[in-house]
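Hello,

Here is the structure we talked about. Please have it open while you read.

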Amino acid sequence: MTDRATLAQLRGDLFQADRGLYVVPIRHHSPACAWALSALISEVKPSQVLIEAPADFSEQIPLLLDPDTKPPVALVALLDDAGDRGRVAGYYPFCAHSPEYVAMQAGTEIGASLKFIDAPAATKAMWGQLDGTEPKSLLNEERFNANDYVDALTRATGCRDGFELWDHLFETRLAQPDWRSFFGDVGVYCAGIRAATPAAQIDSTGDTMREAHMARAVKMALAAAGPVVVVVGGFHAPALVGDLDNMPAPRKPDGTCESYLIRYGFQAMDALNGYAAGLPQPGYYHALWDRANTDSDHDLGIDLLTGFATRMRGEGHALSVPAQIEAMRMAQGLAALRGRSHAMRHDLIDGVRAALIKGETATQDIWTTRFQAFLCGDRLGDVPPSAGSPPLVEDVRRRARAHRLDLSDSAQRVRKLDIRRKDSHLAASRFFHAMGLIGSPFAQCTGGPDYLSGAQTALLFEHWHYAWSPQTEGHLIDQAVLGDELPTACLAFMHRERVALIANGQGRDLPQLVDLLVRSLLAGLGAQLDGFLVQLGSDIQNYGTFSSVTVALRRLLFVVQSSGPLGAPETLDLRGVVGAAYGRLIYLCDDLPNTSEEDTEDRLDALRMMNEVLRDCDGIGLDRSLLDTAMDRVALATTNPVILGAILAVCVQAGTRPAAELAQIMEGRLTGVSLDTSNRIGVLRGILHTSPPLLWHADGLLEVVDRFIRGIDEDMFLELLPHLRLAFTRLNPRETDRVAHELAGLLGVQASGLIRHNTQVSDADLADGLRIEKALRASLETDALSNWITGEVSQ
């Protein structure tokens, strides 16, 4: 551990005027640090300002300082791992109250040269935390909130977490003139955090390597001209105030990196939403910064609560003036009890909770949630045209504006689209679907027809939620390699997805490829899908199995028969692909007689779907007799009893075989000699899986099953029970009721006495119950009590 003498020495070492070195420890996005840093630069007037940010971002400094740049913004790095992950995105955000951004502004005003000195973003030391494909921040301050030193101080001060502790110790000092004392305290605080961090952890997270890059840059700057101001995260400050000659050699970049300046938003910068650096609810700290710079005498808490009440009234949640006054009174009282001169963020939140929540509060009540969302803010920055966004980003922005979509901030908005009666609404729907096709998080459909599942396809309206977030922009930058315009990018994305499926051994997943076709039609790519259809036809011929082709054909038939939003242009040869799939299916029917046990379930599902395929054949000009003949042919050769039952059911439904044949075959199976118990019920299982109504519509079939079950002894019934349950589990409640009514008619009893819906009894439970009943009956028989129990006592 670091002792007090060492901490006192660090306080003196931060500012070495004789050496021309001023190491400034900061916390990212801290208004108090930004204010004190601006005062320091104005007084010291350094010739160089070095800033902890990836060195390969230095070329973006002029853009950051462009008059048209309006924070919050972020530098996004597209990092090429050259490994299995491909490209990943890392973000380095700036807001108006970020010390790094203020340092650039203050340094420019006095004519200092500016330079970023951290390890390049392309170096794994900078992005070691990017262990997946999701975008992440290139800043990390989690130690400020989870550290033994921080925990000890929170207990000593009565603060609930590291965020409140920071506010209590430092943000309360915003706008105070003594920057030396302020940064001395920040330095000691950060040194305590570092001292409580194991050295091995510092090495493993890449901090040592990063500090080597920064130390080298500081040495070079001191050799050139001073004074030199070094703005770094407080955790790194102790490593840069001593001997810089004993640092390890900097590491060369491991990959390549492209960087862009993009708009960023407060919601993405909220530490409570997973952002690893900075402070929660950045909208609050932006207001704190604005108030300090306007020199207003108004109480910020009052203004924030007034703004919150106005927002709530606009959203239909009334908040009375007395309630506002009480919330402010509570916040100010709590601040005084906590030793603060004015209400800070936690005080305001607690004041709202105390004033607005009646009764016992939950962990996260609705008013607290609303107030925290208000403090988070929805500000979205802007960048100059010269920022050079990839053409795809600009194309998407242009299309969004053409559809009257608001991209001015990151707030979530709602759009209701009349997709069948208004062409402009259908065009907007196609834009939303195109953005979803390439994986963009821009919009989400929350209601309307679902053409992938075939649910509610007759609905007239789609309901969308959309928001232009930094993640949306970063994703588009990542996808910019696909093309300069959205339709081109969509087509390239589809091709990439198809290739990936084949490469991953999923080339036989024809339904997924058809789903990709459906999504592309919804995205408005119909006229450009000829090439994809040719590839799809080839995939059907090369990779199709009976099950996958059946599912794909059923979905293709649905597409061909659809109109409206899913309607394909006449120039697109969908019928040709349908014909190819139909021919392939007929060919694969001859595989059915040899169905293995592991393929049985998939083929049963496919045969159930066959009824729909046969029904739609005539409507689009397919020769149905070819499939009828194939199914009738394989029925004679099939040995798997479950598949046989399913094929016979399809043939009966199609009219190629008489319904009475089902009863004959079923009786032969049930009463014949079979070494395998499941074979007795197999045909019944296949029929019920494929066409349950045949059980009561096919002449004599139900009577055969009923007669067999009533005629077997209990031992045989127990043996068949699991197989019977497996067969009848395909019936839905309505079908179960229908069977009960039909059986009641056969037995001459009331159907209500036969219907018992109980899904909680397992096969084992039922079998155990029957065994117990059998044992009880045997015991009663032994004791001559069986007649007495059944009510047949002789007089």
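Below are some notes on the model, part by part.

The model is predicted, so local features need pLDDT of at least 70, side-chain atom pairs count only at pLDDT 80 or more, and totals for chains, interfaces and linings use all residues. Residues are numbered from 1 along each chain as its sequence is written, and side-chain values use heavy atoms, leaving out hydrogens and water.

**Cores**

Start with the nonpolar cores. A nonpolar core is a set of buried Ala, Val, Leu, Ile, Met, Phe, Trp, Tyr and Cys residues joined through side-chain atoms within 4.5 Å. Buried means under 20% relative accessible area, exposed means over 50%, and partly exposed lies in between (1.4 Å probe, protein chains only). The largest core has 128 residues. F442, L627 and M631 have the most contacts inside it. Helix α27 (residues 641-654) gives this core its largest share, 11 residues. Helices (H or I, at least four residues) and strands (E, at least two) are DSSP runs, numbered from the N terminus. Domain 1 (4-273) and domain 2 (389-482) each supply at least three residues to this core. Those domain bounds come from an automatic or database domain assignment.

What does L627 touch, beyond residues up to four places away in sequence? It is in contact (heavy atoms within 4.5 Å) with Y582, L585, I586, C589, M610, V613 and L614.

**Rings**

The whole structure holds 23 aromatic pairs. Rings of Phe, Tyr and Trp (its six-membered ring) pair if their centres lie within 6.5 Å; planes under 30 degrees apart count as stacked, over 60 as edge-to-face and the rest as tilted. F308 and F374 form a tilted pair, 5.7 Å centre to centre with 55° between the planes. F308 is in helix α13 (residues 300-314) and F374 is in helix α16 (residues 366-376), so this pair ties together parts that are 66 residues apart in sequence. F308 is buried at 0% relative accessible area. F374 also counts as buried, at 16% relative accessibility.

F371 is buried, at 0%.

Ring pairs also link Y149, W166, F170, F182, F183 and Y189 into a cluster. R27 lies over the face of W166, 5.5 Å from the ring centre. The charged end of R370 sits over the ring of W367, 4.9 Å from its centre. Such a charge must have NZ of Lys or CZ of Arg within 6 Å of the ring centre and within 35 degrees of the ring normal.

Is α12 mostly covered or open? It is mostly covered, with 10 of its 13 residues buried. They include Y284, Y285 and W289. Just after α12, D295 takes a positive phi of about 55°.

H403 sits in the loop between α17 (391-402) and β10 (413-418). It counts as buried because its relative accessibility is 17%. Leaving aside neighbours within four places in sequence, H403 contacts R415, A427, A428 and F431.

Best wishes
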